[in-house]
Amino acid sequence: MELSEAETFFEAARLAFDHAALFGSSQQRFMLAGEGLNLVLAAGHEAEAANRYLSALAARPAAEEDGQAGENLTLLLWSAEGTGVNLPTPDWRVSDHTIRGELPRFSDGRFKTSYNMQSRAFSAIDLQQGLALHCVRSFTDLPQYEWGAPLRDIICWWLSRKSVQLVHASAVSAFGKGALLVGPGGSGKSTTAAQCLRHDTLSFISDDYCAVSLRNEPRIHPLFCTSKLCVVATQSIPGLGAGEFSDGTGKILFRLARADIADDLPLRTILMPEIVDAEHSEILPAGKGRAARRLMPSTLFQLPGSARSEMVLMGDLIRRVPAFRLRLGRDRGDLLTTLTEHLKAL
Amino acid sequence: MTKVPSYVLHEAFDDETVVVNMNRGHYFAFSGQSADLWGEIVRGASTGDLSARLGIKPPDLDRFLSLLDQEGLVESSREATEQLSPEEWLADTVLAGSVERFTDIEGLLLIDPIHEFDQNGWPTA
């Protein structure tokens, strides 16, 4: 039987990984967003950087009872620089990439393929086999957004098979109830989420990206242990530690301890932060359309997948969860009280 | 019949319909009669019927369709006209104020990335 273009390239890339792993590899098994992940890493002399890259995942070690055979994803990850083993030469043109880096010619119902020209990161998945490949040119050359949200494409593809949608949103929680924070850059999502770190009642779940499952009741799943904040915002957040990167936008990447991040929780409210010229914060009811505009376009343009099915999933999410405007006043203590009271009342 | 291209995604809510042009990185909020009109177009209604069915004067409908055409939200054979904002297209019509356009994420698009190729044939931006 003739192999499809997607399968042919996937097999060639898998052989390249096998070659890279001849010089040594390490394995880890952990859980992420309720899914088992077996990760095999061949990084050669970039092993330290690779492990630092992977530490941004909000994963926990897998227990014996976690996952069943056949349901886990096996991810083969390697560095071309670290191992000296490159990917096969691609036989596609730059114009074959979508704006999200996907390669439709090398993607079908079974295989998904993407290549990010900025970070020089290749990702592919065989959904049928539960096998994924990720090759970076060099871990040390990756831009800030990759360090903040590693393996994003593969996680997105793998979770989508179970109606779990990655979204461009921050998230916080209290009293076992989660709140999604949606809005454009500069609206206050990240700062609001970071204010909840190590708070007595509120908890941080995610900054920038998280997963939302819609199988039964909507739930939020943390994916990454990172927060990107502007310098001014960091001054009011104690215990953040030293930041690592600045990407030219003025935002610094902070690594968070997994213990500082809440586990997955029911999603009970969608909040749309907006900075206002007022002392106190307040939360006001908002229309579904406004929430959709704050969530859908930025998610659609940043994450891979079938845009149409993503739009339907996010529409379902917005119809099922109430939405509110979160007017952010200057008094940060008041903001935390407002958030706490809102979540308590839901 | 006016057709919606595959790169235009839309989702209707009680208060408004969100329409995204995935090619241009623009998105829109349609409310009131504009949302009703869009819903009819998506369902494949003939533009000839829309005016009478929704009680919208033909010149107002024509300006709405010209706006959709300009923004690439429908496939049409209309000749290109001047570039106007939604507010300008719909000024002095019953649809005034019912369409908002947002362009804040168009910077995420790599419409024509500058690229080179590494020694292994992989493009780099």
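Predicted model: local features only at pLDDT ≥ 70, side-chain atom pairs only at ≥ 80, totals over all residues.
1. The domain assignment of chain A gives two units, domain 1 (5-162) and domain 2 (165-345). Taken over C-alpha atoms, the centres of domain 1 and domain 2 of chain A are separated by 27 Å.

2. Where the two domains of chain A meet, 25 residues of domain 1 are in contact with 24 residues of domain 2. On the side of domain 1 of chain A that touches domain 2, α4 (144-148) and α5 of chain A each supply at least two residues, and α5(A) gives the most to that side, with 7 residues. The residues of this side of domain 1 divide into 14 nonpolar, 5 polar and 6 charged.

3. Helix α5 of chain A, which covers residues 152-160, deserves a separate look, since 9 of its 9 residues are buried and the helix is therefore largely enclosed by the rest of the structure. The buried residues of α5(A) include A:Arg152 and A:Asp153 as well as A:Trp157 and A:Trp158.

4. The largest nonpolar core has 139 residues, and those with the most contacts inside it are A:Ala171, A:Val172, A:Leu180, A:Cys210 and A:Ile318. Helix α1 of chain A (residues 5-21) gives the most to this core, with 7 residues, and the core draws at least three residues from each of domain 1 (5-162) and domain 2 (165-345) of chain A.

5. Which residues does A:Leu180 contact, once its neighbours within four places in sequence are left aside? They are A:Ala169, A:Ala171, A:Ile220, A:Leu267, A:Ile270 and A:Leu271; of these, A:Ala171 is also named among the residues with the most contacts inside the largest nonpolar core.

6. Chain B has 125 residues, of which 32% are buried, and its secondary structure comes to 4 helices and 6 strands. Along the sequence these elements follow the pattern β-β-β-α-α-α-α-β-β-β. Among the contacts in chain B between residues at least 6 apart in sequence, 48% join residues at least 24 apart.

7. Strand β1(B) pairs with strand β2 of chain B (residues 17-21) in the antiparallel sense over 5 bridges, and the two strands form a hairpin with 4 residues between them. Within this pairing, the bridge partner of B:Val8 in β2(B) is B:Asn21.

Notes: Residues numbered from 1 in each chain as written. Chains lettered and ligands numbered in written order. Core = buried A, V, L, I, M, F, W, Y, C linked by C-beta atoms within 7 Å. Buried ≥ 20, exposed ≤ 12 C-beta atoms within 10 Å, placed from the backbone. Domains from an automatic or database assignment. Contact = placed C-beta atoms within 7 Å. Pairing = 2+ DSSP bridges. Nonpolar A, V, L, I, M, F, W, Y, C, P; charged D, E, K, R; others polar.
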